[in-house]
Amino acid sequence: MWAYPARWMVRSGALIAALTLGPTLSCSDFSTTPGQPSTAEHDDFVDVRAVPLERIRPGTVIGDTAPTGWTHLIFKTRSRLASGDLDALPSWSAELSSFLCTVLVAKASRAASPAGAGYRLESLAIGLGTRIGQDDVIISSDTQQGLGANLGPIKRIILSQAEDRLNQVLRVARTDTLIVFDAPQTMLTEGRHQLVVFRYAVLVNPSDGRLATLVWRLDRGRDGQDRLHPEPAVLMKPNLVTLCDLHVDKREFTAGIPTSRAFATMRLPLGDPFPMPQAIRAAAAKKQLTEAMVRSLEAALRQAVFLTQHAIKENPQQ
């Protein structure tokens, strides 16, 4: 059945890497490139540049709670081939699809401002990890061997492609207490695999340091404009450690080789349904946000998340 196994492994490795970022995927850091922070000059600001998220430092050990130096583990997720045309894949695909985990962490800190002391969203970072010994450890192509991962050639290809995908996860807006970022996804929709965008909004409550992460789906129309999907957004479960189930569609294979749409996630991340406030539905779907849109978006989300029945139950930071 597999006349060209080496070719298939290279191609499928690149594609599995694209799915490693499943749905689960700085106040003083403004990263224009991953890991390169700059400093805020004032307390009331909005930044609407589209830039990659900061990266988690390689070597960071990731358990089931926030790692050292961070206050919140937002998610740690692995992919899993779960449904669809699983018989179209060779047996070794399952292990290749799950050896990497995608991790998102945040740091909230208490700082003084002209309005008084309050919590700020200091930084948000994403990274790729793998099992080394008994721990999940953040790695990169440059550091994996020195850290003891010792990946073989196919896994190195997958890691490299996954890193390229991380560069497509863009922070599109931030304030002292909010970061919004977009993550491209392939999603199962009405029986077919379609390209969509998952938009995440990470908020910190300035009064007590509670963190909330919301995610909603944007569909790209033929005119290139994004539209808010009808299903509700999700208020994600805090500290989410989970598996991302993938659907396989053999119609997206060419000559036995999977195309970029062969694997798809099937749902938004776990959490509670969150109807998007009507007043910000248009802004929530804009590819490029204005400062006014970001202020309105944050105010409405903060009101709905922290001051109503949707308020999350999480211990304040000490």
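A: Let's start with A173, which sits in strand β8, residues 170-174 (strands are DSSP runs of E with at least two residues, helices are runs of H or I with at least four, and both are numbered from the N terminus). This is a predicted model, so local features need a pLDDT of at least 70 and side-chain atom pairs a pLDDT of 80 or more, while totals for chains, interfaces and linings use all residues. Residues are numbered from 1 along each chain as its sequence is written, and side-chain values use heavy atoms, with hydrogens and water left out.

Leaving aside residues up to four places away in sequence, A173 touches D47, V48, L178, I179, V180, L289 and V294, where contact means heavy atoms within 4.5 Å.

E298 belongs to helix α5, residues 291-306, and it counts as buried because its relative accessible area is 10%. The side chains of E298 and T177 make a polar contact at 2.4 Å (a pair of N or O atoms within 3.5 Å; within protein, one must be able to donate a hydrogen and the other to accept it, and residues adjacent in sequence count only if both atoms are side-chain atoms).

Another helix to look at is α3, residues 153-166: its 14 residues reach 20 Å from first to last C-alpha, close to the 20 Å expected (1.5 Å times one less than the number of residues). Its buried residues are I154, I158, L159, A162, E163, R165 and L166. An α-helix has 3.6 residues a turn, so residues three or four places apart point the same way. In the loop between β7 (135-139) and α3 you'll find N150, which has a positive phi of about 50° although it isn't a glycine. N150 is exposed because its relative accessibility is 54%.

N239 also has a positive phi, near 55°, without being a glycine. Most residues other than glycine have a negative phi. N239 lies in the loop between β13 (233-236) and β14, and at 33% relative accessible area it is partly exposed. Back in β13 there's M236, buried at 4%, with its C-alpha 5.8 Å from that of L214, 22 residues apart along the chain.

On to β14 itself, residues 240-248: this strand pairs with β4 (72-84) in the parallel sense over nine bridges, pairing being at least two DSSP bridges between strands. L240 in β14 stands opposite F75. β14 also runs antiparallel to β17 (263-265), joined by three bridges, with L246 partnered by T265 in β17.

Zooming out, the protein has five helices and 18 strands. Of its 318 residues, 53% are buried. The accessible surface comes to about 14200 Å², with 51% belonging to carbon and sulfur atoms (Shrake-Rupley method, 1.4 Å probe; for residues, only the protein chains shown count as cover).

Conventions:
Buried < 20%, exposed > 50% of the residue type's maximum accessible area, 1.4 Å probe, protein only.
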